[in-house]
Amino acid sequence: MPSFSVQKYATSAVGTNWINPARAKIQNGTFARNSTGDTLTLSNFGFEIPDGALINGVKITATRRASVTGMLESVMLIAEGHSSTSTGWSIPRRVRTRNIGSSTSIPTIIGGFLSPSDVNATSFGVMYSKAFIGTVFVDGIVLTVYYTTA
């Protein structure tokens, strides 16, 4: 069975109290930022995974930094009809990239199963937020989907 990977950026970025949320759609050295802890939602990644394909894994790649030490982030996949859990990590003060998930795992989706229609939906995406005082700066969140076809 042939294996494939497709990497995409969001075409929609929405976040209450985020300054320049659209800057989180692509990694280019410009940053969306937030100091309130409100959620940034990135969606409409434009995947076109063929019907019948098996989704083997999803990787979230987030490039970000914090203004202070001790800030935590929450990163969660969103897919209609699926329950999610969030994952929390310390945000570095210097710009760093974190990969969540892999070619063989689907992060934060309870049960770990996604269909091509889930991934192709315009609502499929990522929710990102931070906790504690300070400002978070996000320079792009990318999704990579790994799949096989018959």
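1. Which residues does Ser43 touch, not counting residues up to four places away in sequence? In this predicted model, Ser43 touches Ala10, Thr11, Ser12, Thr122, Ser123, Phe124 and Gly125, where contact means heavy atoms within 4.5 Å. Ser43 lies in strand 4 (residues 40-43), strands being DSSP runs of E of at least two residues, numbered from the N terminus. Ser43 is buried, at a relative accessible area of 13%; buried stands for under 20%, exposed for over 50% and partly exposed for values in between (1.4 Å probe, protein chains only).

2. Two salt bridges are present in the structure, each defined as a side-chain nitrogen of Lys or Arg within 4 Å of a carboxyl oxygen of Asp or Glu. Arg64, Glu73 and Arg98 are linked in a network of such bridges.

3. Between Glu73 and Arg64, the closest N and O atoms are 2.8 Å apart. Glu73 is buried, with a relative accessible area of 2%, and Arg64 is buried with a value of 2%.

4. Glu73 also forms a salt bridge with Arg98, at 3.5 Å from N to O. This pair links distant parts of the chain, with Glu73 in strand 6 (residues 72-78) and Arg98 in strand 8 (residues 96-101), 25 residues apart. Arg98 counts as partly exposed, at 24% relative accessibility.

5. On the basis of these values, residues are numbered from 1 along each chain as its sequence is written, and side-chain values use heavy atoms, leaving out hydrogens and water. Local features need pLDDT of at least 70 and side-chain atom pairs count only at pLDDT 80 or more, whereas totals for chains, interfaces and linings use all residues.

Key. Helices (H or I, at least four residues) and strands (E, at least two) are DSSP runs, numbered from the N terminus.
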